[in-house]
Amino acid sequence: MSKRIDVTDLNVYYGKFKAVEGVNLSIQPRTVTAFIGPSGCGKSTFLRTLNRMHEVIPGAYVEGRVELDGDNLYAPEVDPVMVRREVGMVFQRPNPFPTMSIKENVLAGVRLNSRRISAAQANEIAERSLRQANLWNEVKDRLNSPGSGLSGGQQQRLCIARAIAVRPEVILMDEPCSALDPISTLAIEDLIGELKEVYTVVIVTHNMQQASRVSDQTAFFNLAAQGKPGRLIEVGATETIFSNPTKKATEDYITGRFG
Ligand SMILES: Nc1ncnc2c1ncn2[C@@H]1O[C@H](COP(=O)(O)OP(=O)(O)OP(=O)(O)O)[C@@H](O)[C@H]1O
Ligand SMILES: [Mg+2]
């Protein structure tokens, strides 16, 4: 598991509106990359191009290349459903299926993908995924209770378990902690540190401390002006970006002078 991502000359559109322009970026396997930048600069939009979720919006499309270990995700023969199996996603608000049990939430993606799994396999996948998501001990005695009965932080870890259950190569997270309290946030950050042993992780965050705590590489996006496309301004080792950025806009942003 875990693959590298190479993005070349990527432009991202919503119909006629070019939301993101000219992105070139490489992401190594078994690392965490943080996307930072002011609201509206296209972080979420760009993130969703990495598993072809962008194009589910009518009129939305991309130009350029996104490669997963050298394979172009946008090649005509590629099935976007397969891409989303390899590149999983966790959203800003925990979104467990409210009427499904904890266990069935974990298995939701697996059941969608494979025709049939035995009860023993289902138990094994649920336990493995919940353990990897650091949630097993908290829920092992109530696997058949509804997922909506968990706390926000637990629900987010449940969603991470659900993403892991299908054994993806890459996990994309769009502000996964923005709806969580500080304790749950730290739990997720610890978990991200563990996940990168196995997966390629990409996280969008507005929290500079979080970016510097969890990521190996940081990519700063910005807008030239309202209505203009977002661009990748600077990318590099997180330590360098936070201590010694080369661009003034990066420095202004990370020191809180704008955005
Ligand atoms: N479904 C959509 N249709 C049309 N335009 C959109 C859509 N979603 C986002 N946009 C536009 O694309 C641009 C980038 O938005 P995006 O949500 O990617 O920014 P962001 O960096 O994730 O912001 P935030 O930090 O607030 O989440 C914005 O101008 C936004 O209005
Ligand atoms: Mg966003």
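Student: In which handedness of crossing does α4 pass α6?
Tutor: First, a word on what you're looking at: this is a predicted model, where local features need pLDDT of at least 70, side-chain atom pairs count only at pLDDT 80 or more, and totals for chains, interfaces and linings use all residues. Residues are numbered from 1 along each chain as its sequence is written, while chains are lettered from A and ligands numbered from 1 in the order in which they are written. A crossing is left-handed if the near helix is turned anticlockwise from the far one by less than a right angle, and right-handed if clockwise. For α4 passing α6, the crossing is right-handed.

Student: How do the axes of α4 and α6 lie, roughly parallel or oblique?
Tutor: Axes are lines fitted to C-alpha atoms, for helices over the stretch in contact, and angles run from 0 to 180 degrees between N-to-C directions. The axes of α4 (residues 119-132) and α6 come within 8 Å and cross at roughly 125 degrees. Angles under 35 degrees count as roughly parallel, over 145 as roughly antiparallel, 65 to 115 as roughly perpendicular and the rest as oblique. So α4 is, relative to α6, oblique.

Student: And α6 with α7, are they roughly parallel or oblique?
Tutor: Helices here are DSSP runs (H or I, at least four residues), as are strands (E, at least two), numbered from the N terminus. Helix α6 spans residues 152-165 and helix α7 spans 182-195, with axes that come within 9 Å and cross at roughly 20 degrees. That pair also has a right-handed crossing. So α6 and α7 are roughly parallel.

Student: Is Glu175 buried or exposed?
Tutor: Look in the loop between β7 and α7 for Glu175. Its phi is near 45 degrees, a positive value in a residue other than glycine. A residue is buried if 20 or more other C-beta atoms lie within 10 Å of its own, exposed if 12 or fewer, and partly exposed in between, with C-beta atoms placed from the backbone. Glu175 has 21 of them within 10 Å, so Glu175 is buried.

Student: What about Arg167, buried or partly exposed?
Tutor: Arg167 is in the loop between α6 and β7 (170-174). Phi of Arg167 is near 55 degrees, a positive value, and the residue isn't glycine. With 18 other C-beta atoms within 10 Å, Arg167 comes out as partly exposed.

Student: How far apart in space are Asn144 and Lys103, C-alpha to C-alpha?
Tutor: Asn144 sits in the loop between α5 (136-139) and α6. Asn144 is exposed, because it has 9 other C-beta atoms within 10 Å. Along the sequence, Asn144 and Lys103 are 41 residues apart, yet the C-alpha distance is 6.2 Å.

Student: Which element gives the most residues to the shell around ligand 1?
Tutor: The residues around ligand 1 (C-beta atom, placed from the backbone, within 6 Å of it) include Tyr14, Lys43, Ser44 and Thr45. The elements giving two or more residues are β2 (17-27) and α1 (43-49). With three residues, the element that gives the most is α1.

Student: In which helix is Glu251?
Tutor: Glu251 is partly exposed, as it has 16 other C-beta atoms within 10 Å. The C-alpha atoms of Glu251 and Ile241, 10 residues apart along the chain, are separated by 8.2 Å. Glu251 has its place in residues 248-254, which is helix α10.
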